[in-house]
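Have the viewer open as you read.

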Amino acid sequence: MVYHIVRCELCIATHVFPIPYENDLVEFYKREFYQSEKPEMVARYEEDARWWAECVHKPTLQAIEKILATTTTQHPSILDVGAGPGLLLRDAKERGWRTNAIEPSPICAERLRESGHCVWEGSIKDYAESDVFRKERHDAVVMWETLEHMSCPEETLLQVFNLLAPGGVLVVA
């Protein structure tokens with residue numbers, strides 16, 4: 001399949017066309033993304049880990065903690081949807097967070113597990129349809145460079161809102 005980058009004239013957002021079906025995306029991340037498309041990506045993230053921690057993750061986590069200060073226990077729960085190599089979760093874990101991920105790539109899912117994170121390997125749709133979904137609620141859900149990959153962003157956001165604990169925070173970037 002050949003995809004093109006297009007820009008919406010109404011909202012100036014860019015996206016791929018045709019929009020891939022969710023199953024196609026999951027298969028792409030399972031079989032190709034970190035294996036053949038971007039095999040060096042995880043190593044590059046590691047090279048930049050300190051920058052990500054200081055310039056991006058620390059201020060983001062501090063802002064979330066400030067919002068949650070009046071409603072959350074001592075060890076808040078964070079869910080990273082499309083966690084990739086898990087740098088955000090590593091930084092959250094160092095701050096005392098309980099860390100969870102939804103990640104379709106087996107390479108990254110294994111890396112996340114080895115780092116001590118709770119991982120759902122697959123799509124958010126699969127997670128939402130599982131028994132885990134009915135039980136788990138998170139103080140923060142982060143979708144970093146993820147929502148634009150979803151074939152039905154509105155449906156995804158509804159699923160994500162159902163993952164939030166009362167007073168929880170959703171971060172979309």
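Start with Ser151, which sits in the loop between E6 and H9. Ser151 has a relative accessibility of 23%, so it counts as partly exposed. The classes work like this: buried is under 20% relative accessible area, exposed is over 50%, and partly exposed is in between, with a 1.4 Å probe and protein chains only.

A word on ground rules: this is a predicted model, where local features need pLDDT of at least 70 and side-chain atom pairs count only at pLDDT 80 or more, while totals for chains, interfaces and linings use all residues. Residues are numbered from 1 along each chain as its sequence is written, and side-chain values use heavy atoms, with hydrogens and water left out.

**Around Ser151 and Glu22**

Which residues does Ser151 touch, not counting those up to four places away in sequence? They are Ile19, Pro20, Tyr21 and Glu22, where contact means heavy atoms within 4.5 Å. Glu22 belongs to helix H1 (residues 22-31) and counts as buried because its relative accessibility is 19%. Leaving aside neighbours within four places in sequence, Glu22 is in contact with Ser123, Ile124, Lys125 and Ser151.

Ser123 itself lies in the loop between strand E5 (118-121) and helix H7 (124-128). With a relative accessible area of 7%, Ser123 is buried. A polar atom of its side chain lies 3.0 Å from the backbone nitrogen of Asp126. A polar atom of the Ser130 side chain lies 2.6 Å from the backbone oxygen of Tyr127. For reference, a polar contact is a pair of N or O atoms within 3.5 Å; within protein, one must be able to donate a hydrogen and the other to accept it, and residues adjacent in sequence count only if both atoms are side-chain atoms.

Here are some C-alpha separations to check in your viewer.

| Pair | Apart in sequence | C-alpha to C-alpha |
|---|---|---|
| Ser151 and Asn23 | 128 residues | 9.6 Å |
| Glu22 and Ser123 | 101 residues | 8.1 Å |
| Arg7 and Phe17 | 10 residues | 9.7 Å |

Arg7 touches Ile12, Ala13 and Thr14, not counting residues up to four places away in sequence.

**Cores**

Zooming out, the protein has 9 helices and 7 strands, and 40% of its 173 residues count as buried. Among contacts between residues at least 6 apart in sequence, 55% join residues at least 24 apart.

The largest nonpolar core has 17 residues, of which Ile64, Ile78 and Trp97 touch the most other members. Two or more residues each come from helix H4 (49-68), H5, helix H6 (106-114), E6 and strand E7 (164-172). Apart from this core lies another, of 12 residues, among them Ile124, Tyr127, Met143 and Leu147. A nonpolar core is a set of buried Ala, Val, Leu, Ile, Met, Phe, Trp, Tyr and Cys residues joined through side-chain atoms within 4.5 Å.

Leaving aside neighbours within four places in sequence, Ile78 is in contact with residues including Leu61, Leu88, Leu89, Ala92 and Trp97. In H5 (residues 87-94), the buried residues are Leu87, Leu88, Leu89, Asp91 and Ala92. After H5 comes Gly96, with a positive phi near 95°. Glu145 has a positive phi as well, near 55°, and is not a glycine. Glu145 lies in the loop between strand E6 (138-143) and helix H9 (153-161), and is partly exposed, with a relative accessible area of 47%.

How much space lies in the second largest pocket? About 250 Å³. Of the 14 residues that line this pocket, the closest to its centre are His15, Leu147, Glu148, Met150 and Pro153. Strand E2 (residues 14-17) gives the largest share of the lining, 3 residues. A pocket, on a 1 Å grid over the protein atoms alone, is an open set of points where a 1.4 Å probe fits, with protein on both sides within 12 Å along at least five of seven lines; lining residues have an atom within 4 Å of a point. Grid points are joined across faces, edges and corners, and a volume is the space filled by probe spheres set on the points.

Key. Helices (H or I, at least four residues) and strands (E, at least two) are DSSP runs, numbered from the N terminus.
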